[in-house]
Amino acid sequence: MWEPLAAGSEALERDETQMDEIPSPVIELFELRSAFEIRAAALAATRRSGAQIDKIVAANAEVAKCFETGTSTREADFAFHYAIAEASQNKRFPEFLSLIRSGLVPRVELESRSRPPRAYVPNPDLVAEHDRIIDAIVTGDPDAAEAAMKAHLEDSRLDAGVSAVHSSH
């Protein structure tokens, strides 16, 4: 049976040196987005229709086109993730993605406020990462879809220069 920890326990207190480990709003959004997008990819692998696969593939082709022409991939990338959310067959997933859309901030806007933002440079591995997600969805492998989405989102987080908050406990 669970028993509450005693007052003064390490798990209940944070000293001032740990305050930098409190998630920022950007980290919180990455964590929230990861939780539902990883699950959406797994569900899409088991529930998707042929038409939904076509939509996911077309969205990634648009990402590739944007990348090749040097235009922002932001809208096409959102369409890719939205198509996967739709393919999950859980109508709350695309609703939720739309709800947090305004908080999905491009990497260039995640820079420290103490310095100017970098010029927009898309992730050179973006299309290949998406291809791995697509392959897992097409083959109906929910574990591979989860792993590919997790790796993609982790890479996006690292590209953005956002450190994860790790507990020292």
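Biologist: Which exposed residues are carried by the face of helix 2 turned away from its buried side?
Modeller: On that face of helix 2, the exposed residues are Ala51, Asp54, Glu68 and Thr69. Exposed means over 50% relative accessible area, buried under 20%, and partly exposed in between (1.4 Å probe, protein chains only). The names asked for are therefore those over the 50% cut-off: Ala51, Asp54, Glu68 and Thr69.

Biologist: At which pLDDT do side-chain atom pairs count?
Modeller: Residues are numbered from 1 along each chain as its sequence is written, and side-chain values use heavy atoms, with hydrogens and water left out. This is a predicted model, in which totals for chains, interfaces and linings use all residues, local features need pLDDT of at least 70, and side-chain atom pairs count only at pLDDT 80 or more.

Biologist: What pattern does the chain follow along the sequence?
Modeller: Helices (H or I, at least four residues) and strands (E, at least two) are DSSP runs, numbered from the N terminus. The chain has 6 helices and 0 strands. Its pattern is α-α-α-α-α-α.

Biologist: How far apart are the end C-alpha atoms of helix 2?
Modeller: The expected span of a helix is 1.5 Å times one less than its number of residues. With 20 residues (50-69), helix 2 should span 28 Å. The model agrees with that, since the end C-alpha atoms are separated by 29 Å.

Biologist: What arc do the buried residues of helix 2 cover around its axis?
Modeller: The buried residues of helix 2 are Gln52, Ile53, Ile56, Ala59, Asn60, Val63, Ala64 and Cys66. They lie on the same side of helix 2 because their arc, taken from the directions from the helix axis to the C-beta atoms, is only 160°.

Biologist: Which helices do the buried residues of helix 2 pack against?
Modeller: Packing is judged by contact, meaning heavy atoms within 4.5 Å. By that criterion, the buried residues of helix 2 pack against helix 1 (25-47), helix 3 (74-87) and helix 5 (126-138).

Biologist: Which residues does isoleucine 56 contact, leaving aside neighbours within four places in sequence?
Modeller: A nonpolar core is a set of buried Ala, Val, Leu, Ile, Met, Phe, Trp, Tyr and Cys residues joined through side-chain atoms within 4.5 Å. The largest one has 18 residues, and Ile56 is among those with the most contacts inside it. Helix 1, helix 2, helix 3, helix 5 and helix 6 (142-159) each give two or more residues to this core. With those sequence neighbours left out, isoleucine 56 contacts Phe80, Ala83, Ile84, Ala87, Ile134 and Ile137.

Biologist: Is glutamine 52 buried or exposed, and at what relative accessibility?
Modeller: Glutamine 52 lies in helix 2 and, beyond four places in sequence, touches Arg47, Glu86, Ala87 and Gln89. A polar atom of its side chain is 3.3 Å from the backbone oxygen of glutamate 86. Glutamine 52 counts as buried, at 16%.

Biologist: Which side chain makes a polar contact with the side chain of histidine 130?
Modeller: Histidine 130 is in helix 5 and is buried, with a relative accessible area of 0%. A polar contact is a pair of N or O atoms within 3.5 Å; within protein, one must be able to donate a hydrogen and the other to accept it, and residues adjacent in sequence count only if both atoms are side-chain atoms. Not counting residues up to four places away, histidine 130 touches Asn60, Val63, Asp77, Phe80, His81 and His152. The polar partner, at 3.0 Å, is aspartate 77.

Biologist: What is phi of glutamine 89?
Modeller: Glutamine 89 lies in the loop between helix 3 and helix 4 (92-100) and counts as partly exposed at 44% relative accessibility. Most residues other than glycine have a negative phi. In glutamine 89 phi is positive, near 65°.

Biologist: What separates the C-alpha atoms of serine 156 and phenylalanine 30?
Modeller: Serine 156 lies in helix 6 and is buried, with a relative accessible area of 18%. Serine 156 and phenylalanine 30 are 126 residues apart along the chain, and the separation of their C-alpha atoms is 9.2 Å.
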